[in-house]
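This briefing is intended to be read alongside the sequence and the coordinates.

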Amino acid sequence: MDKQSIRIIYLGTPDFAAESLRALVEGGYNVVAVVTMPDKPAGRGHQLQFSAVKQYALSVGLPVLQPERLKDESFLEELRSYQADLQIVVAFRMLPEVVWNMPRLGTFNLHASLLPQYRGAAPINWAVMNGDTQTGATTFMLQHEIDTGNVILQERIAIAEDENVGSVHDRLMVMGAGLVTRTVDAIIDAENRGDALATIPQDNSIELRPAPKIFKDTCVIDFSRTAEQIRNHVRGLSPYPAAWIQDMPASHPLAEMLKGAKVYKVAVAQQAQQKGHIIVPCADGYIDLLELQLPGKKRMDAAALLNGLKNK
């Protein structure tokens with residue numbers, strides 16, 4: 001068996017998943033079909049928007065399946081018709097057993113964390129929000145409990161002190177794509193040797209850190225926390241979906257104006273006042289709001305925002 005003879009169905013939706021699909025196609029692997037989320041209306045005109053995975057799949061002529069329900073019999077019948085040997089899941093949704101157990105070689109998932117840490121929907125965000133200095137990606141075989149299957153491959157990257165989630169996401173996206181192709185190679189090698197694929201059970205004895213879905217309330221800046229906690233919170237949500245200000249200390253002169261503002265970059269401040277800066281008290285000192293976006297306005301740095309106020 002080689003990369004051309006193993007039939008692969010790929011399941012994924014966002015940019016993060018499109019990169020791994022591109023690596024498979026450009027690497028000469030035999031992707032026979034793609035499964036992605038149904039098109040959703042977006043923007044002011046509410047026009048249907050294709051997922052990043054669908055856009056790439058159509059550009060290279062791959063069949064695209066977009067089921068509303070993964071247990072729908074017509075979808076399952078179509079999925080079976082491709083007679084896939086292997087399924088690969090990257091940033092998709094929870095699969096029913098009837099789907100992940102369908103191919104003879106099983107289904108593996110790429111997860112953007114060092115499993116078992118950060119099981120859940122937003123592992124990259126939470127690693128940065130928690131101030132971690134490293135993260136990584138893991139491929140593992142799917143089984144009943146979500147994100148708990150045996151590890152196939154795992155790779156680590158460092159998180160720089162001032163790095164935001166956007167840059168960590170982009171680096172993991174590229175590194176993860178390489179991990180996917182190496183995992184397929186390992187599966188092919190094991191098949192050719194007639195051996196079971198070498199995997200390692202996840203270490204559930206360690207204290208686990210969850211990575212639940214990010215909601216609007218998750219993004220609220222809590223100025224009762226320490227400056228370092230606030231800094232990590234902001235960079236773990238920048239540039240998307242972005243931390244935002246619900247309430248500032250009432251005594252702050254800009255408290256009312258900044259209500260509802262998105263915050264993209266902050267720093268730990270050493271003093272309460274500094275010309276051209278927006279400095280806010282917090283639990284152990286001060287936080288300096290460096291880049292913001294007022295409701296209905298464009299993103300700008302604090303100096304430009306203050307200059308605009310001065311001119312008015």
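How many aromatic pairs does a search of the whole structure find? The search returns 0 aromatic pairs, where rings of Phe, Tyr and Trp (its six-membered ring) pair if their centres lie within 6.5 Å. The model is predicted: local features need pLDDT of at least 70, side-chain atom pairs count only at pLDDT 80 or more, and totals for chains, interfaces and linings use all residues. Residues are numbered from 1 along each chain as its sequence is written, and side-chain values use heavy atoms, with hydrogens and water left out.

**Sheet and strand pairing**

- An open sheet of 7 strands runs in the order β5-β2-β1-β6-β7-β8-β9, and its pairing is mixed; helices (H or I, at least four residues) and strands (E, at least two) are DSSP runs numbered from the N terminus, and two strands pair if DSSP finds at least two bridges between them.
- The edge strands, each pairing on one side only, are β5 (64-65) and β9 (151-158).
- Strand β1 (residues 7-12) has 5 of its 6 residues buried, so it is largely enclosed by the rest of the structure; buried means under 20% relative accessible area, exposed over 50%, and partly exposed in between (1.4 Å probe, protein chains only).
- β1 pairs in the parallel sense with strand β2 (residues 30-35) over 5 bridges; in β2, V31 stands opposite I8 and V34 stands opposite Y10.
- Between β1 and β2 the chain passes through helix α1 (residues 15-26), and this β-α-β crossover is right-handed: with the strands pointing away from the viewer, the path from the first strand over the helix to the second runs clockwise.
- β1 also pairs with strand β6 (residues 86-90), in the parallel sense over 5 bridges, and L11 stands opposite V89 in β6.

**Nonpolar cores**

- The largest nonpolar core has 74 residues, and Y10, I88 and L289 have the most contacts inside it; such a core is a set of buried Ala, Val, Leu, Ile, Met, Phe, Trp, Tyr and Cys residues joined through side-chain atoms within 4.5 Å.
- Helix α6 (residues 165-193) supplies the largest share of this core, 10 residues.
- Apart from this core lies another, of 17 residues, including F75, L76, Y82 and V89.
- Not counting residues up to four places away in sequence, L289 touches I245, L258, V263, K265, V266, I278, V280 and A302, contact meaning heavy atoms within 4.5 Å.

**Charges over rings**

- The charged end of K3 sits over the ring of Y29, 4.6 Å from its centre; the criterion is NZ of Lys or CZ of Arg within 6 Å of the ring centre and within 35 degrees of the ring normal.
- The charged end of K216 sits over the ring of W244, 4.9 Å from its centre.

**Backbone geometry**

- Most residues other than glycine have a negative phi, and most peptide bonds are trans.
- The peptide bond from L115 to P116 is cis, with omega near 15°; P116 lies in the loop between β7 (107-111) and α5 (123-129).
- The peptide bond from Y240 to P241 is also cis, with omega near 0°, and P241 is in the loop between α7 (227-235) and β10 (243-244).
- A242, in the loop between α7 and β10, has a positive phi of about 85° although it is not a glycine; A242 is buried, with a relative accessible area of 3%.
- Q83, in the loop between α3 (73-81) and β6, has a positive phi near 50°; Q83 is exposed, with a relative accessible area of 60%.

Note on methods
Phe/Tyr/Trp six-rings, centres within 6.5 Å; stacked < 30°, edge-to-face > 60°.
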